[in-house]
Amino acid sequence: MALVGRANELSKLARMFADSQQKRGRVALISGPVATGKTALLRAFSESAVRDGAVFVGAVCSRVERAVPLGVVAQFAQNSSLPTEFRERMSALLDREPFGGSPAIDAQAAAAERLRMAQGLCALLLELSESRPVLIGVDDVQFADAPSVFCIQYLIRRLTSARVLVVFTESEEAQRLQPLFRAELLREQHCERLHLSLLPRASIEEFLSNRLDRAAARRLAPHYDAITGGNPLLLTAVLEDSAARPDRVVAGSCFGQAVMTCLYRGGHMLLAARGIAVLGENATPARVGELLGIDAVLTAQTMRNLEQTGLIEAGRFRHDATASVLLNELTLHERDRLHRRAARLLHHNGAPALSVARHILAADQNSDPWMLPVLMEAAQQALLSDDVQLATQCLRLAACNCGDDEQRAQITARLAQVEWRVNPSAATRHLTPLTDAFRRGRLGGFGTSALIRMLLWHGRTREAARTLELAGATVSDPDAEAAAEMHITRQWLRSVYPPLLAHVGEEPSQEEVTPWGGGISIISYQCMQAVSLFTQVVTRGGDDEAVREAERILQRTRLDDKTTEPIEAALLALTYADRPDLAALWCEPLLKEAAARGALTWQAKLTAISAETALRLGDLTAAERLARAALTHLPPSGWGVAIGSPLSTLILATTAMGKYDAAVELLKEPVPEAMFQTRFGLMYLHARGHHYLASDRAYAALADFLTCGEHMRAWSLDAPSHVPWRSDAASAYLRLGQSQQARKLVKEQLSRLGSRRTRTKGISLRLLAATEERQHRPGLLRQAIDLLQDSGDRFELARAVAELNGAHCELGEPGKARTMVQHALRLAKECSAEPLRRTLVAHAPTVEPEVTEAAQSAHAGLFALSDAERRVAALASSGYTNREISSELYITVSTVEQHLTRVYKKLSVRSRADLPAELNLNMAKTA
């Protein structure tokens with residue numbers, strides 16, 4: 001161990017040694033906490049003194065040899081630095097020692113012999129000092145045997161005119177083990193005390209510099225200080241643990257051994273440290289003493305010693321590894337015993353439930369009645385801090401040790417809900433006990449609702465139906481919360497699992513399911529509102545009021561176990577009300593929160609919704625990335641029937657991007673048969689049909705689309721913005737050359753959409769244009785483009801612009817066609833729609849890629865345009881001629897030309913072919 005930070009102490013010892021050589025004998029007492037370098041200081045000084053001509057007479061005291069009479073003095077005679085004559089004389093003196101002999105020797109004779117021994121030893125050492133300076137060193141003097149202490153004290157009182165320096169080292173235990181010797185020693189005028197403390201930061205840096213380069217030592221010194229507090233023994237140990245990776249600070253096995261070395265040498269410190277390890281953050285001197293049955297004053301002093309040793313700071317271990325080392329040293333029985341005592345102690349002292357529960361869990365027992373409510377409260381507190389693992393452990397132990405069947409069923413239902421947050425598959429093991437509890441009438445409204453949802457999620461439709469039928473008999477239960485839970489369940493069935501709706505009893509009156517009329521909680525009421533809103537959107541379609549209500553729900557709802565359903569419902573309501581842009585904005589912070597809180601199920605479901613919104617906004621790359629992420633957060637087995645959500649989005653995105661092989665592999669992924677009896681099955685049929693259509697399997701696609709339509713009509717989920725099966729089927733009919741059937745379906749879809757300007761209406765108008773005579777197509781396509789541009793769906797916008805390009809080509813309008821193909825190419829490239837891009841290039845071989853690239857530079861200048869310039873530029877980018885723009889905006893052709901000249905200059909483009917696609921056509925036409 002390198003000796004650093006002790007220059008002052010070495011200087012004082014050197015001064016005292018110099019004084020002793022002038023026949024002024026001195027005594028130095030080096031004290032300090034365990035392992036702070038007292039022995040290293042004595043060794044370094046003795047080596048220096050020997051080099052300067054001194055005779056060193058040393059001894060090391062030990063706790064285990066404290067009962068050996070004259071064990072310390074006997075070591076004096078064994079020092080090789082003593083001249084041979086003196087060693088022999090000292091050995092002969094010790095050979096006459098009677099203290100280990102016959103017990104018949106009376107006390108008076110023993111005292112006389114002890115005095116003669118002390119006189120003889122003193123005479124020998126004083127005689128030796130006449131010829132050479134003598135340095136006597138006794139390490140850990142607090143463990144010296146009583147006869148040796150007597151001899152040493154006798155010698156010290158006769159040193160004042162001798163060339164002798166005596167150096168003792170002692171730990172903090174000396175005050176307890178050798179109080180009289182210490183008091184006598186310190187009263188001597190020629191005695192000086194040197195106290196060693198922990199190394200300061202600068203000395204730690206110097207210490208590290210012996211093994212690391214100066215820059216690394218400076219950078220790592222704070223970390224070593226934080227772990228060791230400047231204890232030299234601990235510093236050395238951490239350095240050894242970190243040898244393989246010098247750039248890191250590691251507290252490993254060497255650190256653990258050093259900790260135990262400190263504690264074993266520190267008397268009561270080991271016992272107190274065990275108490276701190278067990279109590280953790282709840283450790284106080286009073287509690288540690290009570291836990292271990294130790295006097296409070298002694299415990300407080302011992303904890304101060306631990307702090308001075310560098311093991312603890314403010315009553316806590318500096319490093320978690322210390323507690324682990326101490327607990328591992330205990331037997332399993334002893335560890336359990338201490339944790340049980342700690343649990344009772346903390347509970348009696350009114351400690352928080354979480355603190356008490358940690359000890360109950362560590363002891364793995366719950367035998368006392370008071371422990372059950374503590375575990376339940378602790379589980380709730382753990383969930384508030386998102387410690388799902390701790391909450392699960394509390395609930396599991398509570399369920400295992402609960403003797404009441406009904407209470408155990410409620411605990412199990414809560415446990416299943418908590419485990420669901422991170423792994424729905426893990427919660428399936430609770431389905432059987434929950435089902436049994438339900439059949440015995442031991443499961444309340446919350447538990448019944450949770451059971452039904454889990455059964456449905458995992459596709460266990462028959463069991464769910466039976467449970468629904470039995471639960472239907474209790475819908476008139478006066479318990480308002482139970483009625484609310486059943487109402488929420490009905491709404492979920494109506495919108496997600498409609499075939500099972502027949503198994504539910506009649507709908508309760510509104511008074512039974514409101515917080516004012518029925519006394520239900522606000523959270524339950526908010527959940528009812530959100531689920532009812534979602535049901536309204538997927539059955540009848542969304543409107544502006546539905547959008548506002550969805551945002552109100554999201555504004556006032558915080559993400560937790562009980563609110564994931566209303567949040568999910570509100571986000572989906574926005575999505576299917578053709579406002580995926582708003583849903584995406586709300587998803588982003590919710591996703592960050594779910595990720596930060598480690599809730600994988602929440603994260604997976606929110607990511608799946610984000611993927612769907614990205615798809616509806618035409619961001620195919622993001623849709624693919626998010627859908628894959630959703631399937632990573634939860635494996636397919638964990639998704640249950642809801643696998644249809646991320647899987648469908650991924651199939652649609654990869655198909656639109658031209659990744660057909662990837663889509664084929666996704667379609668091979670096994671899905672639960674029960675999924676096709678849910679809304680997730682509708683999504684899957686929609687996605688698979690589009691893949692078939694892209695693969696020139698129009699009949700297979702049509703079959704999927706029509707099957708989807710049959711289910712939607714039968715289930716009363718026939719809102720086009722949810723799954724537009726009519727326009728899907730129309731696409732297939734058009735591919736098969738059956739335009740009349742396509743026209744009929746599109747017209748029907750438009751009639752169901754109302755007057756709102758939506759993405760779904762834009763898609764419908766694009767397909768309607770394909771059924772019209774060629775001269776009528778541009779007008780409908782421009783309307784579709786206006787709507788799709790407003791909706792933000794770049795992929796559908798690209799398709800509409802591409803078809804407008806085709807319409808202009810058919811009408812013999814190459815100038816307009818050229819403008820449209822440029823816009824379509826740019827949009828297709830932005831959303832990674834590779835098949836669409838290839839089709840456009842194939843039909844427009846003269847398009848030069850560099851022109852498309854040049855148009856990119858125009859985006860930044862859009863805000864520099866005046867309103868009049870923007871209107872003209874928007875119409876020009878749509879393919880209008882200057883004369884048509886003049887007529888549309890009621891200005892002269894010359895004014896149009898002047899506006900365009902300024903537009904080209906501000907946007908740094910050469911012609912209208914380079915104008916950005918982002919120009920708002922709708923604003924240009926209506927301004």
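Q: Is R556 buried, partly exposed or exposed?
A: Buried means under 20% relative accessible area, exposed means over 50%, and partly exposed lies in between (1.4 Å probe, protein chains only). R556 has a relative accessible area of 37%, so R556 is partly exposed. This is a predicted model, in which local features need pLDDT of at least 70 and side-chain atom pairs count only at pLDDT 80 or more, while totals for chains, interfaces and linings use all residues. Residues are numbered from 1 along each chain as its sequence is written, and side-chain values use heavy atoms, with hydrogens and water left out.

Q: With which residue does R556 form a salt bridge?
A: A salt bridge is a side-chain nitrogen of Lys or Arg within 4 Å of a carboxyl oxygen of Asp or Glu. For R556 the partner is E549, and the closest N and O atoms of this pair are 3.6 Å apart. E549 has a relative accessible area of 15%, so E549 is buried, whereas R556, as said above, is partly exposed.

Q: How many salt bridges does this rule count?
A: The count comes to 57 salt bridges. One of them joins the side chains of R421 and D561, with 2.6 Å from N to O. This pair links distant parts of the chain, 140 residues apart, since R421 lies in the loop between α21 (405-420) and α22 (431-439), and D561 in the loop between α27 (544-556) and α28 (564-576). Helices (H or I, at least four residues) and strands (E, at least two) are DSSP runs, numbered from the N terminus. Both R421 and D561 are buried.

Q: Which residue forms a salt bridge with R902?
A: The partner of R902 is E869, with the closest N and O atoms 3.1 Å apart. Here too distant parts of the chain are linked, because R902 belongs to helix α47 (residues 893-907) and E869 to helix α45 (residues 867-877), 33 residues apart. R902 is partly exposed at 38% relative accessible area, while E869 is buried at 4%. Elsewhere, R15, D19, R24, R26 and E192 are linked in a network of salt bridges.

Q: What order do the strands of the open sheet have?
A: Strands of a sheet pair through backbone hydrogen bonds, either parallel or antiparallel, and two strands pair if DSSP finds at least two bridges between them. The open sheet has five strands in the order β2-β3-β4-β1-β5, with parallel pairing. At its edges stand β2 (55-60) and β5 (191-195), each with a single partner strand, so one side of each has no neighbour in the sheet. Six bridges join β2 to the parallel strand β3 (residues 134-139), and the bridge partner of G58 in β3 is G137.
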